[in-house]
Amino acid sequence: MMGRSLLLLALSSPFAGWYIITLWQPSFPEHLYHQTKGTFNCGHRGAGGLAPENTMHAFRAAVKAKAHAVEFDVMMTKDHKLVVFHDSKLEKRLPLKGYIEKMTLAELQAVDVSPYYKKKHPDTPIPKKFIPSHAPTLEEVFRFYQKHPLTILNVELKNKNVRDRGM
């Protein structure tokens, strides 16, 4: 009920809308985690600034950085496997060509995605521990986070349509 009142107030008054956007803060989501108080630490694509994004290296780095949550992207391969990957085509940020939906899981996992590290660290050589890196399956990521049950997983389904091909 409170949410509806705030929405109506925001729609009826520019000042009220400004207040809600800039000053009003929702209550702290302590029920979601109880590791710490203060800033909510959410890793983007695992910890994409610390390791090649959307790889197990990035998810391990997020745990090491004490992330309360991680966000990552999921797509479906040609053989209907759910894989953690952001871009629909490889050439968007890798020196290869191909569409995820037209590749099998085995073909995709043969691709070394360690160059993603260079996108965030262009002047730094890729650390040897990240070479090679591959795109994990959604199942691999879920299995990993079973050992870290307080971490919130924000899974973004990336497809033309969430019902597309059975995702």
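Questions and answers on confidence, packing and ring pairs follow.

Reply: This is a predicted model, where local features need pLDDT of at least 70, side-chain atom pairs count only at pLDDT 80 or more, and totals for chains, interfaces and linings use all residues. Residues are numbered from 1 along each chain as its sequence is written, and side-chain values use heavy atoms, with hydrogens and water left out.

Me: Which element has the highest mean pLDDT?
Reply: pLDDT is the predictor's confidence in each residue, from 0 to 100. The protein has a mean of 78, with 72% of its residues at 70 or more. Elements are DSSP runs numbered from the N terminus: helices (H or I, at least four residues) and strands (E, at least two). Helix H1 (residues 2-12) has the lowest mean, 47, and the highest, 95, belongs to H6.

Me: How many contacts does the stretch of residues 1-12 have beyond near neighbours in sequence?
Reply: Over residues 1-12 the pLDDT is below 50. A contact means heavy atoms within 4.5 Å. Beyond near neighbours in sequence, the model gives this stretch six.

Me: What do the buried residues of H3 pack against?
Reply: Buried means under 20% relative accessible area, exposed over 50%, partly exposed in between (1.4 Å probe, protein chains only). In H3 (residues 56-64), Met 56, His 57, Ala 58, Phe 59, Ala 61 and Ala 62 are buried. Their packing partners are strand E2 (69-76), strand E3 (82-84) and helix H6 (138-146).

Me: Why is the pair of Phe 59 and Phe 72 edge-to-face?
Reply: Rings of Phe, Tyr and Trp (its six-membered ring) pair if their centres lie within 6.5 Å; planes under 30 degrees apart are stacked, over 60 edge-to-face, the rest tilted. By this rule there are four aromatic pairs. The centres of Phe 59 and Phe 72 are 5.3 Å apart, and the pair is edge-to-face because the planes stand at 80°.

Me: How many residues apart in sequence are the parts tied together by Phe 59 and Tyr 145?
Reply: Phe 59 and Tyr 145 form an edge-to-face pair, 6.0 Å centre to centre with 85° between the planes. Both residues are buried. Phe 59 lies in helix H3 and Tyr 145 in helix H6, so the separation is 86 residues.

Me: Is Thr 77 buried or exposed?
Reply: Thr 77 lies in the loop between E2 and E3. Its relative accessibility is 0%, so Thr 77 counts as buried.
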